[in-house]
Amino acid sequence: MKAVDGVDFAINPAETFGLVGESGCGKTTVANLILLLHTPSEGEIRFRSRPLARLMSADLKAYRRSVQAVFQDPYGALNPRMRVGDIVAEPLLSHGHGRRERQQRMHEALAAVGLPDDSERKFPHEFSGGQRQRIGIARALTLVPELIVLDEPVSSLDVSIRSQILNLLKDIQRQMGISYLLISHDLASVEYMCHRIGIMYLGKLVEVGDAADVCSRPLHPYTATLVAAATPPGRTPPWQLPILGEVPSPLDAPMGCAFHPRCPYAMPVCRQITPTLTAVEPHRQVACHLYPDEIQHIDKGKVLADR
Amino acid sequence: MGNVARTGRPLLEVRELKTHFFTRAGIVRAVNGVSFSVMPGETLGLVGESGSGKTITCLSILKLLPRGARILGGQVLFDGEDLVPKPEAGMEAIRGKRIGLILQNSMAALDPVFSIGTQVAEPLVVHQKLSWKAAWQRAVELLRMVRIGAPEIRVKHYPHELSGGMRQRASSAAAIGPLPSLLIADEPTTALDVTTQRQYLDLLKEIQAETGIAIIFVTHDMSIIGNLCDRIAVFYGGLVVEAGPKAQVFNQPSHPYTQALLRAIPILGQKVDRLESIGGEPPHLGRLPTGCPFHPRCEYVTEVCCSGDPPPGFRLQDTRQVRCWLREDEHVGEPVRSQELNEALPREKRAPQA
């Protein structure tokens, strides 16, 4: 099975790059590849222009220090039998920092995420979901990373807590200049957080561009479907598209363009040839056979019949 | 259609409902005086965060409460009849037959060892006294109605052979089969993908247009109720803090919680540099603050908010009610402590004055 197939993107320093897609599209697999939890069968990941596959042990350790992660489920990501102070300081222990430095950095990290001073002696169960996610963020900060992979960091939190965490992440980025890879299925929060975004469908990137621009002017029909589904009621989506069928299993991905069975504009070529991600405008790449010619014949304001 | 003729009175009226859990750790006030009503054929959205009491409210209506929970007070008037004192035997004629229920997790709602057809047909045999053969045929029609492709084949399939979206549609088919007049849908789209979610909501609207069923739609997601519901009831701390027609609640939220919540949610295409956030956390229902449950997080908090009972429901502009002392001056008429919920309805749906 190809969980992720030919995905190309780059994250700039101090930038937030968002990966958006529905379940099973491979966005978490991309995160795991970056975190070295999986090895790619083909292709490479470069960090500061150096391919990861060729890093030797000392460099690998430096890489692991520079790239940290915050996970979706703050309940599952924290060891219930460790005290919060030990959880937050543990990465420092693995990287050989002395006791005094561990203490100091742990306190700094807890303060940076807005947790009270007495938190270090408590256990994870004494905290609410939002506070536990703050603990997870503090743990990711102690090693002063350059990139943090955020895998659905707010989707398990209460609605009134989400913006607290999103704003906290924005503040940390502003102060420390960290890059984020934000993985989410929620287009609205990705638009709020990200500078650039990539839309994934069944293991492939179908569109990459500036976040606000992609959300207001989607070029790929799948992106347009997601934007239409996330458009608040009472507003007209930028491209009116019916939602056809369901996401197929990644084990049984369609030939050619994976989106063709659900695309109202599918042409014979879409069934046979997989489109490649191509720059159709400055700052915008799209993988779709409609570009560059066919798209001119499409009226994006026309409401197509459902199903 | 449905079992209840469309009349001017509410199909369901919940009045000052109180359901508490008695646990070793203390009393959990899950539902602490909830009132709302549903007119025949309309959709009411119950919105709230986890632990705000919306699911327990729904389970109290059907009296399907988990162990340790008891209804302590209030009324659940369904088609004019109070369900709270109704014996268990009587409830069986209500559940499934006159009030359908759709749950969040369709894999758990469907039995893995019975085929889809059996599970859609069974309520028809039980409630409508159809023969299995006739019920099976009707099951095929129902699956077609919920837009499951090749329903003649799908009826023989087992739940694991269907996708998540299809399972949710199949369990909806089972719920609407006996033609209930009210459907309670508890977070039916939360486990679904974004595009599947939208399809499912469109389907619910179609079913409603065809059958005239009334729907109570429970969700924590403000954005999805927007295109489905006629009216909204916002839950916080075991209470309905604000209720009214959808457009009014969205465009001019009146309760400080609703206002803050709507400012804290990112909306696509609404370019804000910084979302506002609500400080603090939602209260635990076992440790509710005195007075208004929102007062520790409220930016307008005054002395009256902090002690005593939660504020009563104040009626605004005839169509909405808000449980907030700030609105006492704008209030029209008598306090809406338990009745008069009919007044919170849009004019055309209101019952004729006695």
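Modeller: Let's start with strand β1 of chain B, residues 12-23, which is joined to β2(B) by nine bridges, the two running antiparallel. Within this pair, B:Thr19 stands opposite B:Val31 of β2(B). Strands here are DSSP runs of E with at least two residues, helices are runs of H or I with at least four, and both are numbered from the N terminus. Two strands count as paired if DSSP finds at least two bridges between them.

A word on what you are looking at: this is a predicted model, where local features need pLDDT of at least 70 and side-chain atom pairs count only at pLDDT 80 or more, while totals for chains, interfaces and linings use all residues. Residues are numbered from 1 along each chain as its sequence is written, with chains lettered from A and ligands numbered from 1 in the order in which they are written.

Now step back to the whole sheet in chain B. It is open, has four strands in the order β2-β1-β4-β5, and its pairing is antiparallel. At the edges stand β2 (26-38) and β5 (81-82), each with a single partner strand, so one side of each has no neighbour in the sheet.

Further along chain B, helix α4 (residues 116-128) packs on helix α5 (residues 132-145) at an angle of about 120 degrees, their axes 8 Å apart. Axes are lines fitted to C-alpha atoms, for helices over the stretch in contact, and angles run from 0 to 180 degrees between N-to-C directions. The pair α4(B) and α5(B) is therefore oblique (under 35 degrees is roughly parallel, over 145 roughly antiparallel, 65 to 115 roughly perpendicular, and the rest oblique). The crossing of α4(B) and α5(B) is right-handed, meaning that the near helix is turned clockwise from the far one by less than a right angle. Among the residues making the contact are B:Val120 and B:Leu124 of α4(B), and B:Trp132, B:Trp136 and B:Arg138 of α5(B). Residues are in contact if their C-beta atoms, placed from the backbone, lie within 7 Å. By class, this helix contact has ten nonpolar residues, one polar and one charged (Ala, Val, Leu, Ile, Met, Phe, Trp, Tyr, Cys and Pro are nonpolar; Asp, Glu, Lys and Arg charged; the others, Gly among them, polar).

Chain B also touches chain A, and that contact takes 29 residues from chain B and 32 residues from chain A. On the chain B side, α8 (194-211) and α11 (256-264) are the elements that give two or more residues, and the largest share, five residues, comes from α8(B). That side has ten nonpolar, twelve polar and seven charged residues.

Chain A has its own open sheet, this one of eight strands in the order β4-β5-β6-β1-β7-β8-β10-β9, with mixed pairing. Its edge strands are β4 (67-70) and β9 (278-281), each pairing on one side only, and the twist averages 25 degrees from one strand to the next. Three bridges join β9(A) to β10 (residues 284-286) of chain A, and these two run antiparallel.

Finally, chain A is divided into domain 1 (16-194) and domain 2 (218-297), with bounds from an automatic or database domain assignment. The C-alpha centres of these two chain A domains lie 32 Å apart.

Technical notes: Two residues are in contact if their C-beta atoms, placed from the backbone, lie within 7 Å.
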